There are 2 protein chains.
Amino acid sequence: MTAYTAPVRDIKFALFDVIEAEKLYKHLGIASADRELMDAVLEEAAKFTQSVLAPLNAIGDDHGCVLDKNTGAVTTPPGFKEAYQQFVEGGWTGLTAPEAMGGQALPESFGAAAKEMIDAANLSWGNYPLLSHGATEALKHHGEDWQKEVFLKPIIAGRWTGTMCLTESHCGSDLGLLKTRAELKADGSYAITGTKIFITGGEHDFTDNIIHLVLARLPDAPAGVKGISLFIVPKIKVSREGVVGDRNAVRCGSIEHKMGIHGSVTCVMNFDGAEGYLIGQPNKGLNAMFTMMNTARLAVGLQGLGLIDRSYQGALQYARDRLQMRSLSGAKFPDKPADPLIVHPDIRRMLLTCKSLAEGSRMLALHATTLVDVLERSGDDEERKAADELLGFLTPITKALLTEWANECTYHALQVFGGHGYIAETGMEQFARDARITTIYEGTTQIQALDLLGRKIMQLQGAGMRRFLAMIQAFCEANATKPELTEFILPLAEVTRQWGELTMEVGKKAMSNADEVGAASVDYLFYSGYVSLAYWWARAVATANAGDYPEDFKTMKRETARFYFARILPRIHSHAAAMRSGTAPLMALDAALFDS
Amino acid sequence: MTAYTAPVRDIKFALFDVIEAEKLYKHLGIASADRELMDAVLEEAAKFTQSVLAPLNAIGDDHGCVLDKNTGAVTTPPGFKEAYQQFVEGGWTGLTAPEAMGGQALPESFGAAAKEMIDAANLSWGNYPLLSHGATEALKHHGEDWQKEVFLKPIIAGRWTGTMCLTESHCGSDLGLLKTRAELKADGSYAITGTKIFITGGEHDFTDNIIHLVLARLPDAPAGVKGISLFIVPKIKVSREGVVGDRNAVRCGSIEHKMGIHGSVTCVMNFDGAEGYLIGQPNKGLNAMFTMMNTARLAVGLQGLGLIDRSYQGALQYARDRLQMRSLSGAKFPDKPADPLIVHPDIRRMLLTCKSLAEGSRMLALHATTLVDVLERSGDDEERKAADELLGFLTPITKALLTEWANECTYHALQVFGGHGYIAETGMEQFARDARITTIYEGTTQIQALDLLGRKIMQLQGAGMRRFLAMIQAFCEANATKPELTEFILPLAEVTRQWGELTMEVGKKAMSNADEVGAASVDYLFYSGYVSLAYWWARAVATANAGDYPEDFKTMKRETARFYFARILPRIHSHAAAMRSGTAPLMALDAALFDS
């Protein structure tokens, strides 16, 4: 098992220096966001995740969760429950929640920084608060006052947790197919009946009550996604007055045996006329669901970031310690029996891939979450609109790319370990198994790609993208005369121009053939991610150069950026070529002829 | 769990039609290689792998292997031992072994076709015969007559199995560091002492005896790889006369808990003055080891191929059955609640990636193994030299690419299943876990890349590559006037030209800086793999066009080739750009500054 060292220095650099979040927080009037306090909180988060959560990661993987078939109760891995208790006592469950609801009202982007540490330390454990956070967002934005009082406050206080009950066995990406029914009862509540699958945290032993947010259909609901409503269904009944009553008719029927995230329980939940309350308007459940979902998508992006960084740390340590073969350009440590792995160029290629994607992803994700803060806290309509458009554009990129890169980087990190990486005890293979779910849940990479190209570019006419391009252009112009940045600004400007052209080109083709969107979408998504990261890396160098940092730090950022531009950014060429080949190579073969 | 259907049609197409193996077998005078017999054997192999091995795959993953710490005995998963007994009774252990040793003397390339099926059906189980095959090759080429009689015959008969004991805890890729000692005893045998790790099949319950081939150092051996000798160390002692004696002082100390291939036992083997016999000359163990290793590298490439095809079969079935969302270009099955996944362009992209890499890899791998046949059976020195050079060039490409693609394709196949792919019961996640070892064992992708660029291109001055380029050129010239092939021949000729240029370019840079080899090697390896497959895909279309096949088959091959050229081959652009950026972006950052 590798230890975890929270990257506090780089988080501060990204959030406070590159993204200039303090300035934004002041502008938004977030009184709680005092720098001294935030620095202290980051140190506390580092301490908690390093010393409490990280040591439980392998234990969670080994033990998994256990269902008692008779009672439907789930026991989480040893130590998980106690860690949650410490988390609650530390006030972490309410870190970014409104003060009026008992929270500390810190910015969401600041919460994201803490969340990265949680996910890096123990992704499975982090899923429980992640789901509560999603439920918090849905209740905060769509719940009635009494619902906030009765359900939201205990979730924010950590006394209860939340879930998202969307998927059914026959519908994953396609929620329009869902069958769970809701019937109005005489007292104004609803009876919910149906079976949901893949419910993270659907049952556990952290808290007495669990608040399920459940998508279901009313009897007269229109077919498809326009006939979906959202309901609150507590495990233990709670009256409108907040009085806790009997066990509700919802029960965990079984739990899944998964490739990874063993400590995060995945439940089949049976609702058998369970008592529930409608959130928001009938048949408008998808709106509320998207509030949860968008939050959760950024959160899963952060999971990807956490895994990249954690597995990189393991690989880096190993590459420094493990002696194997001599450098091709002559022994570097002739007094030792062999040179450390880190002298070998391809080991460096793998390490620097992880490093440049970790630090780059951090800027991308933290910036996206600052837009959530603007959206939630700005009083200026135009500013909120701008943030909304940009966030809508960046969310699928953040979710998909950070999770795809997590899969790539956990692969590289394991490879650095060689055969030792394949053995459970080094911990590297767990990261790879845990990473594999992140490109699937909360919308697969394919769904993110359709959201980006089909909705954010085509339907919304690229409003968010134009704002992002303007940011890049402004940055390039502001730094055009700095010779030390030319090596980054010139290629950035060029690939940004190509990105715009490619977008127009794909968009035009899609007007005459809707399948062009699907055919181009995933390559377009990757292309967009690589250009976005080039922007953030150029900004990182600009920030480091301009700031009061040690020379070593400046060198580190500059060389990592150089690596990114030389070795990672050229991937866009393959994506562009694939995209430009259009639909024919994908659609020509009859489905009956796919067999070998 | 997905069923397995052995791709007999495509194996015959690749081996007999595209590669024209029958003609070669006749030329080499391989009497056993009668087409009617071979067709019957392929059908038998299909039957055995589909009905016996495939159903044991998930069982092997679930149960794993169990070590009795007291006796050092290992119990393999339920059914594995019985399947091995059937395998032996069917005569499969001697399929390609010489008749004089009790084998059936079928060509190695034909054996490779059967091996693909074994690996697709049950990779873990297949590791036991794989290791025996490696030991067979080493004994066949380097063993003394009595050693062949006493040790080789029982292995070929399947009564005993073989292992390769190379790795020690401090030396994996770097065998020069190994410490296991061998001391000559009065009777001419040796006492072997040391600990080997990662020994596949080091202990099991298939057979009474296990023949370990062990790398060790003689007392006066030079340091490094020039002081390594190879020894036969049986689990149960066997005299030079073949009399089976007492238990030898070799014992399995523990077994590894791994990410995948749970049915394939991975042992720590303790040699405590165990009785062994030298194979070949003292200090020349590396030669004999490379005989095993090259065989094993092609074999692991076939494992990759097996996993690509097996996971593709699962994904294809699911994509046809699973209804989810409507086609963007309008409902394709309006009478159903949703369209099947296979209507969606990006699902097709993932499927066709797997399909084109599976069928392409099959041609690449089977062709490489025909060179083994030439090397072993041709009486013409020049022909053998040519085969040897070409095989040396194609082995690292085959091993590395087929296993890297196995990781990519098992990723795609799981992704097609969405959340259901992450659950153990669908079987898809096992393929991904099993695939992960294949880019590591028998030489990591990094080692293959250095072998290709450092040794086969630089040291051997590209002799093998020139032969391969000549094959491509001859094919392009022979088909230059066929308009239906132009779309493949033109880009193939062009990328082949670029490949040659790039090779010269990298080679030149490497003359002045040895680190250039390491910096370019993995990208060069991938580049080479993609061009190689373009050649095979062009040949596949040419063969299909020219032959007496149903129109549907011709269409299928042509469209899959088009997909490959449009969507996969462009990956070379990114690899070329990365390579051309040279060593600086990799080597500039001081090892101390890699932390975030």
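In the predicted model, Glu203(A) and Lys235(A) form a salt bridge whose closest N and O atoms are 2.7 Å apart, a salt bridge being defined as a side-chain nitrogen of Lys or Arg within 4 Å of a carboxyl oxygen of Asp or Glu. Because Glu203(A) lies in the loop between strand E5 (190-200) and strand E6 (209-216) of chain A, and Lys235(A) in the loop between strand E7 (229-234) and strand E8 (236-238) of chain A, the pair ties together parts that are 32 residues apart in sequence. Helices (H or I, at least four residues) and strands (E, at least two) are DSSP runs, numbered from the N terminus. Glu203(A) counts as buried at 3% relative accessibility, and Lys235(A) is likewise buried, with a relative accessible area of 12%, where buried denotes under 20% relative accessible area, exposed over 50%, and partly exposed in between (1.4 Å probe, protein chains only). This is a predicted model, in which local features need pLDDT of at least 70 and side-chain atom pairs count only at pLDDT 80 or more, whereas totals for chains, interfaces and linings use all residues. Residues are numbered from 1 along each chain as its sequence is written, chains are lettered from A and ligands numbered from 1 in the order in which they are written, and side-chain values use heavy atoms, with hydrogens and water left out.

Over all chains, a search of the whole structure finds 74 salt bridges. One of them joins the side chains of Glu359(A) and Lys557(A) at 2.8 Å, N to O; since Glu359(A) lies in helix H9 of chain A and Lys557(A) in helix H16 (residues 551-568) of chain A, this pair ties together parts that are 198 residues apart in sequence. Both Glu359(A) and Lys557(A) are buried, and they belong to a network of salt bridges that also links Asp10(A), Glu116(A), Asp309(A), Lys355(A) and Arg362(A). A further salt bridge connects Lys456(A) with Asp451(A), with the closest N and O atoms 2.9 Å apart, and both of these residues are buried.

In chain B, helix H13 (residues 445-459) bends by about 25 degrees at Asp451(B), the bend at a residue being the angle between axes fitted to the seven residues ending there and the seven starting there. H13(B) is mostly covered, with eleven of its 15 residues buried, including Asp451(B) and Lys456(B). Gln461(B), which follows H13(B), has a positive phi, near 55 degrees. Elsewhere in chain B, helix H11 (residues 381-417) contains His412(B), which counts as buried at 9% relative accessibility. Leaving aside residues up to four places away in sequence, His412(B) touches Met350(B), Thr353(B) and Cys354(B), contact meaning heavy atoms within 4.5 Å.

The contact between the two chains takes 105 residues from chain A and 105 residues from chain B. Chain A and chain B bury about 8700 Å² between them, 60% of it on carbon and sulfur atoms; buried area is the accessible area (1.4 Å probe) that two parts lose on being put together, summed over both. Four salt bridges are counted between chain A and chain B, among them that of Asp523(B) with Arg567(A), in which the closest N and O atoms are 2.9 Å apart. Helix H9 (residues 345-377) of chain A gives the most to the side of chain A that touches chain B, with ten residues.
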